[in-house]
Amino acid sequence: MTTVKVKLGIRSYPIIIGTGAVKRLARAMPRRPSHIRCFTFFDAGVYPLYHTIVNRSLSGKRIQSSEFVLPSGEQSKSAEAAGALYDFLLDQQVSRSDFILAVGGGVVSDVVGYVAATTMRGIHWGILPTTLLSMVDAAIGGKTGINHRSGKNLIGAFWQPRFVVCDLDFLRTLAQRDLVAGLGEIVKYAGLIGEPMLSLVQRYLEKGELHDENMLQSLVQKSAAFKGAIVAADEHDNGRRAVLNLGHTFAHGVEHSMGYAELRHGEAVVLGLLAATELSSRYWKSAAKYLVPYRRIIEQVMRFVPKTRIDIDKALAAMSVDKKRVSQVQRFVLLSRPGSPHIISDVSPNAARKSLEAALHTYESIGGVNATHSGR
Ligand SMILES: NC(=O)c1ccc[n+]([C@@H]2O[C@H](COP(=O)([O-])OP(=O)(O)OC[C@H]3O[C@@H](n4cnc5c(N)ncnc54)[C@H](O)[C@@H]3O)[C@@H](O)[C@H]2O)c1
Ligand SMILES: [Zn+2]
C-alpha cells in the first residue's frame with residue numbers, strides 16, 4: 001500500500017493505492033466514523049460487483065450509509081442526472097457535516113463531485129475510483145462537472161475530494177478496452193515524465209499481461225504522483241496544468257468528429273499522442289531521434305485501440321472549434337524530447353494536418369491488431 005499526497009495546504013489529500021485499499025475507506029474519512037452519515041453513489045456496472053465490499057468497509061466502522069446507483073455511461077453527466085442526485089440528497093435532509101462518496105469511473109466522480117460542490121455550497125466528498133483512467137486521471141485534481149448540448153464538461157466546479165482510495169483489486173473486472181483507455185493517459189504521463197517512467201511502461205507492455213497488479217501498482221503510483229504535483233502547482237488550470245493536455249488537442253478533434261462514439265477518450269488520446277510526436281518532430285528537427293523509443297511505446301498501445309474510420313477533415317474542423325472555446329490561438333503541447341513538454345502556439349495549420357495524417361496512417365495499418373471485441 002502506498003500513499004501519494006496532493007499538496008494543497010489545508011485542502012491537501014491522500015491518494016491511497018494498493019490491493020485491498022477499500023478497507024482503508026473509514027480511516028480516510030475526515031471525522032470519527034461513528035459520527036458520519038455517508039451518501040454513497042455507485043456506477044450501475046460497479047454496484048453488483050463491489051457494493052458488498054464497500055458497504056462492509058463502511059459499516060464495519062459504524063458509518064451510516066445510504067446508497068444511490070447511477071446508470072453507466074456518459075449520459076449520467078447531465079443536468080437531469082445531477083437533478084436526481086440533488087433530489088436524493090435533499091429529500092434525506094443532507095447537511096454540510098455529511099459526507100459523499102463516489103464509487104465508479106470518471107463519469108461518476110465528475111457528476112457526483114459536481115453535485116457535492118454545489119449542494120449547500122459544498123459537501124465534503126471522497127472517491128473510490130474503479131477504472132484505471134479514473135485512478136490515474138479523473139479522480140485527481142478536483143475538476144468536476146457535467147456536459148451541455150454544446151460541449152463536454154462545460155458546466156462544472158473545482159472541488160477537491162478529501163481522499164482518493166485506489167483498490168487495484170477492482171481493476172480485475174475491468175474490460176480490456178477500459179484498461180487500454182487508462183493506459184492512454186499513463187502513456188501520456190510517460191511522455192511528460194520521460195525516464196524512468198518510459199522504461200516502466202515498456203516493461204509492462206513486454207510482460208504482455210495488462211492486468212498485472214504489481215506493474216499496475218507502480219504505474220498508478222507514478223502517474224498519480226505526477227498529476228498530483230501538477231495540480232498542487234496550478235490547481236485552477238491557469239498555467240502549468242495545461243501540459244496535461246499532451247495529445248489532447250488532436251484527441252478532442254478525433255472524438256468530436258465521431259460524436260464521442262466508437263472510441264473511448266483514452267483510446268483517442270493514444271492517436272493524439274502519436275500525432276503530437278509527429279508534430280514535435282516537425283517543430284524541432286532534433287526531436288525526432290529523441291522520440292523514437294516513445295513512439296514505439298505509443299505504437300504498441302495503438303495495437304489495442306479498435307480500428308474505426310476517422311474523417312481527418314472533420315477532426316481538424318473540430319479542433320478549430322475547440323480552439324475558439326479555449327483561446328483564439330491553437331495551442332499544442334509538444335515534446336522536444338521525452339520529459340520536456342512545451343506549450344506551443346505558433347504551429348502552422350499545415351503542420352498540424354500533416355501530423356494527424358501521419359498518425360492516422362499508422363493507426364490504419366496497426367490499429368486494432370491486439371484489440372479484443374469483448375468490451376462494450
Ligand atoms: N475530472 C477530470 O479531471 C477528468 C479527467 C479525465 C476524464 N474525465 C471524465 O471521465 C469520464 C470517463 O471515465 P472512465 O474512462 O473512467 O469511464 P466510465 O466512468 O464511463 O467507466 C467505464 C465503464 O467501466 C465500467 N466499470 C467501471 N469500473 C469497473 C470495474 N472495476 N469493473 C468492471 N467494470 C467497471 C463502468 O460501468 C462503465 O461502463 C469522461 O466523462 C471524462 O470526461 C474527467
Ligand atoms: Zn484525457
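Two residues count as in contact when heavy atoms of theirs lie within 4.5 Å. In this predicted model, 76% of the protein's contacts with a separation of 6 or more join residues 24 or more positions apart.

As for overall build, the protein has 14 helices and 11 strands. Its radius of gyration comes out at 20 Å, close to the 21 Å that the globule rule gives for 376 residues, so the protein is as compact as a globular protein of that length. The C-alpha trace runs to about 60 × 40 × 40 Å along its principal axes. Of the 376 residues, 55% are buried.

Now for the ligand. Ligand 1 has 26 residues around it, with Asp-43, Thr-130, Thr-131, Phe-170 and Thr-173 being the closest. Sorted by type, the shell holds 8 nonpolar, 8 polar and 10 charged residues. Helices H2 (47–59), H4 (106–118) and H5 (132–138) each put at least two residues into this shell, and so does strand S8 (151–158).

Some polar contacts to ligand 1 can be picked out. Thr-173, one of the closest residues, has a polar side-chain atom 2.7 Å from a nitrogen atom of the ligand. On the backbone side, an N or O atom of Gly-106 sits 2.8 Å from an oxygen atom of ligand 1, while a polar backbone atom of Val-107 is 3.1 Å from an oxygen atom of the ligand. Taken on its own, ligand 1 has 880 Å² of accessible area, and the protein covers 88% of it.

Notes
Residues numbered from 1 in each chain as written. Chains lettered and ligands numbered in written order. Predicted model: local features only at pLDDT ≥ 70, side-chain atom pairs only at ≥ 80, totals over all residues. Heavy atoms only, no water. Near = heavy atom within 4 Å. Polar contact = N/O pair within 3.5 Å; in protein donor to acceptor, adjacent residues only side chain to side chain. Areas by Shrake-Rupley, 256 points an atom, 1.4 Å probe, with all protein chains shown as cover. Helix = DSSP H or I, 4+ residues; strand = E, 2+ residues; numbered from the N terminus. Nonpolar A, V, L, I, M, F, W, Y, C, P; charged D, E, K, R; others polar. Rg over C-alpha atoms; globule rule 2.2 N^0.38 Å. Buried < 20%, exposed > 50% of the residue type's maximum accessible area, 1.4 Å probe, protein only.
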